[in-house]
Amino acid sequence: CDMPNLASSLMRAADKYNIPRLKSLCEEAICNNIEVSNAADILVLAHMYEATNLKAMAVDFIMNNLNKVSETTAWTNITTGQHPKLLGEMFKTLMERLKSITSPSIPT
């Protein structure tokens, strides 16, 4: 059984037919199966269906594994203009993380 794909299909249906509990269960199942090979696809899915928890989890996973995720075809699809708004969000998140890492703390 390919759990992430099954859950993705179910989530699309749950969103279409407005079944929030099923959508939430699908988000949880997908979160538990996120890995380098599917992280970018999951990010797109979460973005398209306004699955905020799943999107936050995918963004966090991608930021923590950016070198490996950036080598996947799904990531290439995001960066070659198929999802410009999503790419902008990812860039903003990356910049915020870099700023928080590199900013010297200001003594009080």
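A disulfide is a covalent bond between the sulfur atoms of two cysteines. Here the term needs a pair of cysteine sulfur atoms within 2.5 Å. A search of the whole structure finds zero disulfides. Both cysteines are buried: Cys26 has 4% relative accessibility, and Cys31 has a relative accessible area of 16%. Buried means under 20% relative accessible area, exposed over 50%, and partly exposed in between, with a 1.4 Å probe and protein chains only.

The model is predicted, so local features need pLDDT of at least 70 and side-chain atom pairs pLDDT 80 or more, while totals for chains, interfaces and linings use all residues. Residues are numbered from 1 along each chain as its sequence is written, and side-chain values use heavy atoms, without hydrogens and water. The predictor's confidence in each residue, pLDDT, runs from 0 to 100. The chain has a mean pLDDT of 90, and 91% of its residues reach 70 or more. Helix α1 (residues 3–16) has the lowest confidence, at a mean of 88. Helix α5 (residues 66–69) has the highest, at 96.

Now take the overall build. The chain has seven helices and zero strands. These are DSSP runs, numbered from the N terminus: helices are H or I with at least four residues, strands are E with at least two. The C-alpha trace spans about 50 × 35 × 25 Å along its principal axes. Of the 108 residues, 34% count as buried. Among contacts with a separation of 6 or more, 58% join residues 24 or more positions apart. A contact means heavy atoms within 4.5 Å.

Helices α3 and α6 pack at an angle of about 50°, with their axes 7 Å apart. That makes α3 oblique to α6. On the α3 side, Ala40, Asp41, Leu43 and Val44 make the contact; on the α6 side, Ala74, Trp75 and Ile78 do. Axes are lines fitted to C-alpha atoms, for helices over the stretch in contact, and angles run from 0 to 180 degrees between N-to-C directions. Under 35 degrees is roughly parallel, over 145 roughly antiparallel, 65 to 115 roughly perpendicular, and the rest oblique.

Glu27 sits in helix α2 (residues 20–31). Its relative accessible area is 11%, so Glu27 is buried. Beyond residues up to four places away in sequence, Glu27 touches Met11, Ala51, Thr52, Asn53 and Leu54. Ala7 is 20 residues from Glu27 in sequence, but 7.5 Å in space, C-alpha to C-alpha.

Lys55 belongs to helix α4. At 17% relative accessibility, Lys55 counts as buried too. Leaving aside neighbours within four places in sequence, Lys55 contacts Leu43, Ala46, His47, Leu86 and Glu89.
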